[in-house]
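Me: I am new to this structure and would like to be guided through it by questions and answers. May we begin with the model itself?

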Amino acid sequence: MTGDLSVGVIGGGMAGLTCAAELAQRGITSTVFDKGRGPGGRMATRRIAVGNREIGFDHGAQYFTARDPAFLAMCRTWHAEGVIAPWPSVGSEAWVGVPGMNAPLRHMAGGLNVRWGSRAEAISRTGGQWQVLTDDGTHRFDRLVAAVPAEQAAVLLADAAPEIARRGAAIRSDPCWAVMALFEQRIDISADVVRDDDAPIPWAARNGAKPGRDGTESWVIQGSPTYSTEILERAPEAICPMMLAQFFDQVGIAPVEPVHCAAHRWRYARVPGVAEPLTGQDLGDMAIWNHEIGLGAAGDWLAGPRVENAFLSGRALAEMIAQDVSSRFMEPQE
């Protein structure tokens, strides 16, 4: 029976948690491992203590949209539960997590067995089971899911599933340096979002003005793939003044000294490609499942760079696993 089946999921981002949640709806339990301290992945929210205040910064994905019917339905549910809210400053289709971008992931993780702060160091297969070696021991599963960025999947799966590893190794994700800056007073920029796709700083947003935020003059400023690549190996403390100067030059105002500033490097920020909805696509176009060894992969690198694509990839893999389990474990209907 499916209740006796054990599934390990490596990666607690949108794809991994969606896969685990969809498996749970089908009566299949799983254990999710994520190296982060909490839910988010590239939808993370960084909380920083500044004086007697704690300021939240959405320093990864800034918003998401929904076009596929399944993801639209999920967004309506999240909205009704107060987990997300529309963000008109970006457009009529934009959604953000409330009170932080990681809210939908935190919501999903609440009903699952997730081990935060647990890094999967290696995997191996013995006696028909998968062993996942983490910093707190070895864990065994009948089925295994890798829901990590392509470059990490290439390393993790190199020995156990070389054909999947090769697909991951062929991907070159774009990096992104993100600056989180807090100012004492409102700076002289009327719009809450500044966009210029051709500039070194293609995106900057007044984070405190997002729905459900605290109204502080906090900004998230992100570098373009080209600019981020040029400064990729610079120390974080050098990134803040450099990117702030570039930002103020682009918007044409005098530089303002922040009360607090921090930088975060997303080495695997975004998968290049056209982010089209995947409605009508075969499951195999959105995820990978090898039923012979009971191992699969999901993530935006397989389906497209949007949050929606990661959701659909995780959902597709859960369906593929459920179909496989059903054919192997379910008793035939008379």
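Predicted model: local features only at pLDDT ≥ 70, side-chain atom pairs only at ≥ 80, totals over all residues.

Me: What kind of ring pair do Trp87 and Trp203 form?
Reply: Trp87, at 2% relative accessibility, counts as buried. The ring centres of Trp87 and Trp203 are 6.2 Å apart, and their planes stand at 75 degrees. Planes over 60 degrees apart count as edge-to-face, so the pair of Trp87 and Trp203 is edge-to-face.

Me: How many residues apart in sequence are the parts that Trp87 and Trp203 tie together?
Reply: Trp87 lies in the loop between strand 5 (84-86) and strand 6, whereas Trp203 lies in strand 14. The pair therefore ties together parts whose separation in sequence is 116 residues.

Me: Which element supplies the largest share of the largest nonpolar core?
Reply: The largest nonpolar core has 53 residues, of which Met14, Phe64, Trp78 and Leu317 touch the most other members. Elements that each supply at least two residues of this core include strand 1 (7-10), helix 1 (14-25), helix 2 (69-80) and helix 9 (307-329). The largest share, 11 residues, comes from helix 9.

Me: Which residues does Trp78 link with in a cluster of ring pairs?
Reply: Not counting residues up to four places away in sequence, Trp78 touches Met14, Phe64, Phe71, Val83, Ile84, Pro104, His107 and Met108. Ring pairs also join Trp78 into a cluster.

Me: Which residues is Asp324 in contact with, leaving aside its neighbours within four places in sequence?
Reply: Asp324 has its place in helix 9. At 7% relative accessibility, Asp324 counts as buried. Beyond those sequence neighbours, its contacts are Arg143, Trp289 and His291.

Me: Which residue of strand 18 is the bridge partner of Ala146?
Reply: Both faces of strand 11 (residues 143-146) are covered, with Arg143 and Val145 buried on one side and Leu144 and Ala146 buried on the other. Strand 11 runs parallel to strand 1, joined by 4 bridges, and parallel to strand 18 (residues 295-297), joined by 3 bridges. Ala146 is the bridge partner of Ile10. In strand 18, the bridge partner of Ala146 is Ala297.

Me: Within what arc do the buried residues of helix 5 fall?
Reply: In helix 5 (residues 162-169), the residues Ile164, Ala165 and Gly168 are buried. Seen down the axis of helix 5, the buried residues line one face of the helix, because they fall within an arc of 100 degrees.

Me: Which elements do the buried residues of helix 5 pack against?
Reply: The residues in question are Ile164, Ala165 and Gly168. The elements they pack against are helix 4 (150-156), strand 17 (288-290), strand 18 and helix 8 (300-303).

Me: How far apart in space are Phe248 and Ile201, C-alpha to C-alpha?
Reply: Phe248 is placed in helix 7 (residues 236-251) and is buried, with a relative accessible area of 2%. Leaving aside neighbours within four places in sequence, Phe248 is in contact with Phe183, Ile187, Ile253, Ala254, Pro255 and Val256. Phe248 and Ile201 are 47 residues apart in sequence, and their C-alpha to C-alpha distance in space is 9.9 Å.

Terms used. Residues numbered from 1 in each chain as written. Heavy atoms only, no water. Core = buried A, V, L, I, M, F, W, Y, C linked by side-chain atoms within 4.5 Å. Buried < 20%, exposed > 50% of the residue type's maximum accessible area, 1.4 Å probe, protein only. Contact = heavy atoms within 4.5 Å. Phe/Tyr/Trp six-rings, centres within 6.5 Å; stacked < 30°, edge-to-face > 60°. Pairing = 2+ DSSP bridges. Arc of directions from axis to C-beta.
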